[in-house]
Amino acid sequence: MDQIVNVNEFQELARQALPKMYYDFYSGGAEDQHTLKENMEAFSRIMFRPRVLVDVTKIDMSTRILGYPLSAPIMIAPTGSHGLAHPEGETATAKAAAACNTIMIVSSMSSCTLEEVASSCNAVFERRDVSAQVVRRAERAGYKAIVLTVDVPKLGRREADIKNKMIAPKLRNFEGLFSTKVKPSDGSGVEALASRALDASLNWKDIEWLRSITELPILIKGILTREDALKAVEAGVDGIIVSNHGGRQLDYSPATITVLEEVVHVVKGRIPVLLDGGVRRGTDVFKALALGAKAVLIGRPVVYGLAAKGGDGVMKVIEMLKNEFELTLALSGCATIGDITRNHVRTEDERLKSNL
């Protein structure tokens, strides 16, 4: 790992370490994978407007999300089936999150049970159905919040999984709730399993029901428009995660960084807005915060680090991003994240308008 100089290099190590079926499962997107690529490329079209002659001797990257302290505004996004990347699965990821003083959002599609993961770190639980039983388990295990993913009424068309005849991973969190065994078929086992696990009837009224059975904070993941952001605020959620599911659901959805501001503007600071998708550099973290996010979530880089070097790889990914973010703060003239302003960045739209 001493030869790795940035987070992107973990992807190649993961490709070498994993069977092709598993690597494609983690790295692939929906259909043409336009959104998958655009999530990262959109960051490159945002330029900095750095300030100089600012004392940046001491840099403070710390923040708080829902009242919980983080060493930096970098959290672990919910990604499923870590057991395919490493034998210890999500428990190794959770221990790395705890060591880095950050929060992990645990996917309901995790290889480990939510109780096993909770024993390793402070976590919030991501879920795709509305099972009261699963919510109560999360509460008993000490989870700090519930994240409701709202962009998966049906599974996106992930063609690599179809070609590879991806084997359905074991979903231990749903044992006893429905049958998780899938017979071999000509297509993706993940798609066949998802047809049982996903609820196409999920709607805004279900948030009211979810609120009635838990006192935990509820965040919604999968918002991409001002209209839905406003509905989320009106529904009384405690936070919004701007996300397109890593480009794995509706292809040609916008890159999350390009719609972050419109969500932030309609929310007006009433609840925190987090950004998920495309973050690969500390500069990306800074750009997201300048456009109004309170923190970012990282998904694939964590899995790549886990596949390459286990929990140590996950820690390396997080620490690399933190170090890059710290440097970006200093070079932009910011001693704390509170010093980051909208005027520190210039978007592509602003550049085009200035040329007219």
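The exercises below, each with a worked solution, concern a predicted model of a protein.

**Exercise 1. The overall make-up**

Task: State how many helices and strands the protein has, and what share of its residues is buried.

Solution. 
- Step 1. Counting the elements gives 14 helices and 12 strands.
- Step 2. The protein has 356 residues, and buried residues make up 55% of them.
- Step 3. The surface can be described as well: the protein exposes about 15800 Å², of which carbon and sulfur atoms supply 50%.
- Step 4. Turning to contacts between residues at least 6 apart in sequence, one finds that 68% join residues at least 24 apart.

**Exercise 2. The packing of H4 and H13**

Task: Describe how helix H4 and helix H13 pack, and which residues make the contact.

Solution. 
- Step 1. Two packed helices are described by the angle between their axes and by the distance between those axes.
- Step 2. Helix H4 covers residues 89-99 and helix H13 covers residues 300-332; they pack at an angle of about 55°, and their axes are 9 Å apart.
- Step 3. Angles of 65 to 115 degrees count as roughly perpendicular and those under 35 degrees as roughly parallel; H4 is therefore oblique to H13.
- Step 4. The crossing in which H4 passes H13 is left-handed.
- Step 5. On the side of H4, the contact is made by Gly89, Ala92, Thr93, Ala96 and Ala99, and on the side of H13 by Val302, Leu306, Gly311, Val314 and Met315.
- Step 6. Sorted by class, this contact of H4 with H13 has seven nonpolar residues, three polar residues and no charged residues.

**Exercise 3. Positive phi values**

Task: Determine where Leu53 and Lys165 are placed, and whether each is exposed or partly exposed.

Solution. 
- Step 1. Most residues other than glycine have a negative phi.
- Step 2. Leu53 is not a glycine, yet its phi is positive, about 55°.
- Step 3. Leu53 is placed in the loop between strand E1 (47-48) and strand E2 (63-65).
- Step 4. The relative accessible area of Leu53 is 90%, so this residue is exposed, the cut-off being over 50%.
- Step 5. Lys165 likewise has a positive phi, near 50°, and lies in the loop between helix H7 (159-164) and helix H8 (189-197).
- Step 6. Lys165 has a relative accessibility of 45% and therefore counts as partly exposed.

**Exercise 4. The buried residues of H3**

Task: Identify which residues of helix H3 are buried and what covers them.

Solution. 
- Step 1. Helix H3 runs over residues 34-44, and its buried residues include Thr35, Leu36, Glu38, Asn39, Ala42 and Phe43.
- Step 2. The cover over the buried residues of H3 includes helix H2 (20-27), helix H11 (256-267), strand E10 (273-276), helix H12 (282-290) and H13.

Conventions: Residues are numbered from 1 along each chain as its sequence is written. This is a predicted model: local features need pLDDT of at least 70, side-chain atom pairs count only at pLDDT 80 or more; totals for chains, interfaces and linings use all residues. Side-chain values use heavy atoms; hydrogens and water are left out. Helices (H or I, at least four residues) and strands (E, at least two) are DSSP runs, numbered from the N terminus. Buried means under 20% relative accessible area, exposed over 50%, partly exposed in between (1.4 Å probe, protein chains only). Contact means heavy atoms within 4.5 Å. Accessible areas come from the Shrake-Rupley method with a 1.4 Å probe; for residues, only the protein chains shown count as cover. Axes are lines fitted to C-alpha atoms, for helices over the stretch in contact, and angles run from 0 to 180 degrees between N-to-C directions. Angles under 35 degrees count as roughly parallel, over 145 as roughly antiparallel, 65 to 115 as roughly perpendicular and the rest as oblique. A crossing is left-handed if the near helix is turned anticlockwise from the far one by less than a right angle, and right-handed if clockwise. Ala, Val, Leu, Ile, Met, Phe, Trp, Tyr, Cys and Pro count as nonpolar, Asp, Glu, Lys and Arg as charged, and the others, Gly among them, as polar.
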